[in-house]
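Here is a short note for a colleague who is meeting this structure for the first time. Please read it with the model open beside you.

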Amino acid sequence: MADDEVPVRTRFWCVCLMIPCAIAMCVVQSSMAAQIYSHGTYDGRYLWIILGLLLSGVWPFALVARSKYPEPVFWICLAVTVLFPYDPLLMLMALCSLIARRSGIVRTVRAVAAATPVAVWAQLRDALQPADASLWHIVFAKPYTGGAYGGDMVMLVGESTIITTAVVVALTGVAVSVLSGLHIRSRARLHEADAKTRAAQHHAANLQSDLDSQQLADAIAAEAHDTLAHSLSLIALNASALQAEANRLAHDVVSGDGRAADPDAARRAAETVASKADEIRRQAAGALDEAHSVIDMLRHPQQAWERLAPTDDTALTRESLESLLDDVRQAGTRVDTWIDIRQLGDLDENVGKVAYRAVQESLTNARRHAPDAPVSLEVTAGPDTGVHVHASNPTIRTMRADDESSVVGEGAAEHGPHGGAGLPGLAARVQSAGGTCRYGVDDRRVFHVDVTLPWTTTGDRPDGRAGGDRADAPAASVQ
């Protein structure tokens, strides 16, 4: 496609109208030009006029190729208008097609500059003929006069008027052709722009759909990691405790010399094993429910965003934090807490959910990579300070005094045979909420997770929902 090519749609009905009109005008002009030889005097020019008359039904079909080759068609039509006694209509049609389909300024000016004198010449060529051989003279002749009525043709106007009219009509024809071509070009450009706009909008809609799908997939993956990883880590920790209790029970039931041990100790050990087994059963059932919830979100993505919305179980409230800490402590992890949260009824529930997930992920990460280490947790929230979550725990090698100086726990989310995405995923969610998340090991080989979130009130939410039904935690709680 040429740089200045304009995608003009060719309509079949236009071709069917243009070609017969061009043929008719060429035939009429050629016939009128041949009238000067009606008295029987012939020469070479007469043969040329007859050839033009015969070809007048051929040249207009060049307009069929005007869409693909508008410039060659124009120059061919201009040449035959000069060479044969044709009306300039054929050339003006080709000029209109050229201007409509090619937007180059130089090409347009060149075509108009060439077509204008040719159109004037074609009209003057007819106007300067004798009255009986001129279409313009017939137009201005008195009715019922001329050779067909047995007398001379009587003109209603002078020769100067006929010539002036022919020139004006020629110039008007050129102007109409130029303006028509420019109009067709502008309309085609507008249609092209509309098509590009629709294509861009469709592409943008597809990108937005892909982005929404990706965001939904990321949200479901994060929800699955938060819930399942937490539950499964508790199950693994309780399973380890159950194994230890079972081994202790076996040792207590039968002493080293084969005699029965203290029945009370055996009973207590059995009760402990049963309690741990029941805890594992409960946590496994919860993990199964969470897995079913994730599967339902994958099966029904149109409802997934509603199910991913914050709930009382995932909000930064006293009840949710106490439930979370109780589960961790029952699994055998020591957690020292400092909690100072105020005016939670005004906090945006989405920010509260991110903060809750930060606490949950910090505890899960500590249990996974340093299961025997105590965890220090600090949670503060208020309009003046924002939301701050800080968790720390010694790494495994810190707890082994005689171990070498290498650090275990730095980038804890990256450990394990399959890697991990817990803390990086948390950092991404915190950043999307306008906060910061940092994690790593300090010089004392203590692993830290530090999350800071802005205080966003419910009034700043687009939907205007409030969270005032949630109870605030005590100002300070140390355990």
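**Notes on the predicted model**

1. Start with helix α11. Of its 21 residues, 19 are buried, so the helix is largely enclosed by the rest of the structure. Keep in mind that this is a predicted model. Helix α11 covers residues 349-369. Its end C-alpha atoms are 30 Å apart, which agrees with the 30 Å that 21 residues should span at 1.5 Å a residue.

2. Next, helix α4, residues 89-101. It has 13 residues. From first C-alpha to last it reaches 18 Å, close to the 18 Å expected at 1.5 Å a residue. Helix α4 is mostly covered, with 12 of its 13 residues buried. Among them are Leu-90, Met-91, Leu-92, Cys-96 and Ile-99. Arg-101 is also on the buried list.

3. Look at one residue of that helix, Met-93. Met-93 sits in α4. Is Met-93 buried or exposed? It is buried, because its relative accessible area is 14%, under the 20% cut-off. Its C-alpha atom is separated by 8.5 Å from that of Ala-22. Along the chain, Met-93 and Ala-22 are 71 residues apart.

4. Now the record. An unreviewed UniProt entry carries the annotation "transmembrane region" for residues 12-34, 46-65, 72-100 and 162-182. Two of these ranges can be set against the model. Over residues 46-65 the chain is 50% helix and 0% strand. The end C-alpha atoms of that range are 31 Å apart. Over residues 72-100 the chain is 83% helix and 0% strand. There the end C-alpha atoms are 14 Å apart.

5. Which residues make the nonpolar surface patch? They are Trp-48, Leu-51, Val-82, Leu-83 and Trp-121. The patch is about 460 Å². Helices α2 (44-55) and α3 (70-83) are the elements that give two or more residues to it. Leu-51 is found in α2. With a relative accessible area of 35%, Leu-51 is partly exposed.

6. On to charges. Side chains of opposite charge can pair when their charged atoms come close. The model has a count of 9 salt bridges. One of them joins Glu-319 and Arg-318, with the closest N and O atoms 3.6 Å apart. Glu-319 is partly exposed, at a relative accessible area of 43%. Arg-318 is partly exposed too, at 30%.

7. A second pair links two strands. Asp-450 forms a salt bridge with Arg-438, and the closest N and O atoms are 3.9 Å apart. Asp-450 lies in strand β5 and Arg-438 in strand β4, so the pair ties together parts that are 12 residues apart in sequence. How do the two partners sit, buried or exposed? Asp-450 counts as buried, at 14% relative accessibility. Arg-438 counts as exposed, at 60%.

8. Asp-442 counts as partly exposed, at 24% relative accessibility. Arg-444 counts as exposed, at 62%. Elsewhere, salt bridges that share partners join Glu-71, Arg-107 and Arg-110 into one network.

9. Check the backbone at Arg-445. This residue has a positive phi of about 60°, although it is not a glycine. Most residues other than glycine have a negative phi. Where is Arg-445 placed? It is in the loop between β4 (436-441) and β5 (446-453). Arg-445 is partly exposed, with a relative accessible area of 24%.

10. Last, Asp-340. It lies in strand β1, residues 335-341. Asp-340 is buried, with a relative accessible area of 17%. Which side chain does the side chain of Asp-340 touch in a polar contact? The partner is the side chain of Arg-342, at 3.2 Å.

How values were computed: Residues numbered from 1 in each chain as written. Predicted model: local features only at pLDDT ≥ 70, side-chain atom pairs only at ≥ 80, totals over all residues. Heavy atoms only, no water. Helix = DSSP H or I, 4+ residues; strand = E, 2+ residues; numbered from the N terminus. Buried < 20%, exposed > 50% of the residue type's maximum accessible area, 1.4 Å probe, protein only. Expected span 1.5 Å × (residues − 1). UniProt positions renumbered as here; feature names shortened; annotations may be inferred. Patch = residues over 30% accessible without salt bridge, like charges linked within 9 Å, V, L, I, M, F, W, Y side chains within 5 Å. Areas by Shrake-Rupley, 256 points an atom, 1.4 Å probe, with all protein chains shown as cover. Salt bridge = Lys/Arg side-chain N within 4 Å of Asp/Glu carboxyl O. Polar contact = N/O pair within 3.5 Å; in protein donor to acceptor, adjacent residues only side chain to side chain.
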